[in-house]
Structures are given as C-alpha cells and as structure tokens.
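Hi everyone, thanks for making time this morning.

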Amino acid sequence: MGAKWIKIAVLYFIIGIGFGLFMHYTIQLQWGATHAHINVVGWLSTGLIGVIYSIYPRAGNSPLGKLHFWLHQIGLPFLFIGMMMIYFNVPPVVLEIFVSGGGIAFLLSVILFVLNVFQNVHEADNK
C-alpha cells in the first residue's frame, strides 16, 4: 500500500509545482494557501504516509490502512477544489459541500491514520 501513497504524492508534487508556476506567471498570489496545502498535505504528508506504510506494511494493508487510503484520496481533492472555489462565484452551498465535506473526510482519514499507527506499527515489525 505504501507504493500507492508515494505514487499519488508525486502527482500532488507535480500539481503543486504547476500551481506555483501559474501563480507566479499570472501574479495571482491570493492562491497561496491552496498552493501550500497542495504541497504540504498533498505532497509531503501523503508521501510520508507512503514511507511509513512501506516500512510497516502490516499497517498499510490493514482494514484501517485501506479505509484511511480511500478517505484521504476522496477527501483531499474535494478540499482542494473547494479551496479553489473560494475565488469564484459559486453558490455557498456548493462551496460548503466541497470544503467541509472534503475537510471532514480528510480529518477522519487522519484520525484513522493515528489509530492505525498506534494499533499496527510496532518496533518488532521493522526488524
């Protein structure tokens, strides 16, 4: 499961770099928070989770690990799209569905990750 996380992380890396270049060339710096979230949560956090699940495959392949994967991969794009919608004239209910829905799914995925680490990551598994 760790390899899937890492592959998705590098996609966020490309998106984050591309988004930063877009901001630079169009001088639309109001997107800074979205750009930072794509890079820090999308690239760095997703990649680090992939490394952890590669070192501790039992955690990554556990039911908690699989549920964590899907909540993260569904919630994060919704959150990012919602963060981009803030600067467009979209109905508030649509914005709320994306930002809150994606954010809550992401929060739940982080909670599952923490539970999974404490339940399935043990020093003996790494020897």
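Let's begin with α1 and α4, which are roughly parallel to each other, because their packing angle is about 10° and anything under 35 degrees counts as roughly parallel. Their axes sit 12 Å apart. Please keep in mind that this is a predicted model.

Which residues make that contact? From α1 we have K4, W5, I8, Y12 and F19, and from α4 we have H68, F69, H72, Q73, L76, P77, F80 and M84. Sorted by class, the residues of the contact of α1 with α4 come out as nine nonpolar, three polar and one charged.

With α2, the packing angle is about 160° and the axes are 8 Å apart. That angle is over 145, so α1 is roughly antiparallel to α2. For those who like handedness, the α1 and α2 crossing is left-handed. This contact has 17 nonpolar residues, 12 polar ones and no charged ones.

What do these helices build? The largest nonpolar core has 11 residues: Y12, F19, M23, W31, I38, V41, L76, L79, F80, M83 and F106. At least two residues of this core come from each of α1 (2–26), α2 (32–55) and α4 (63–85). Which helix gives the most? That would be α4, with four residues.

Setting aside neighbours within four places in sequence, I38 is in contact with Y12, I15, G16, F19, W43, F80 and M84. There is also a second, separate core of seven residues, with I49, Y53, A59 and F69 among them.

Last stop: G60, which lies in helix α3, residues 57–61. Is G60 buried or exposed? It is buried, because its relative accessible area is 0% and the cut-off for buried is under 20%. Again leaving out neighbours within four places in sequence, G60 is in contact with M1, Y53, G65, K66 and N116.

Definitions and conventions. Residues numbered from 1 in each chain as written. Predicted model: local features only at pLDDT ≥ 70, side-chain atom pairs only at ≥ 80, totals over all residues. Heavy atoms only, no water. Core = buried A, V, L, I, M, F, W, Y, C linked by side-chain atoms within 4.5 Å. Buried < 20%, exposed > 50% of the residue type's maximum accessible area, 1.4 Å probe, protein only. Contact = heavy atoms within 4.5 Å. Axes fitted to C-alpha atoms, helices over the stretch in contact; angles between N-to-C directions. Parallel < 35°, antiparallel > 145°, perpendicular 65-115°, else oblique. Nonpolar A, V, L, I, M, F, W, Y, C, P; charged D, E, K, R; others polar. Left-handed = near helix turned anticlockwise from the far one by under 90°.
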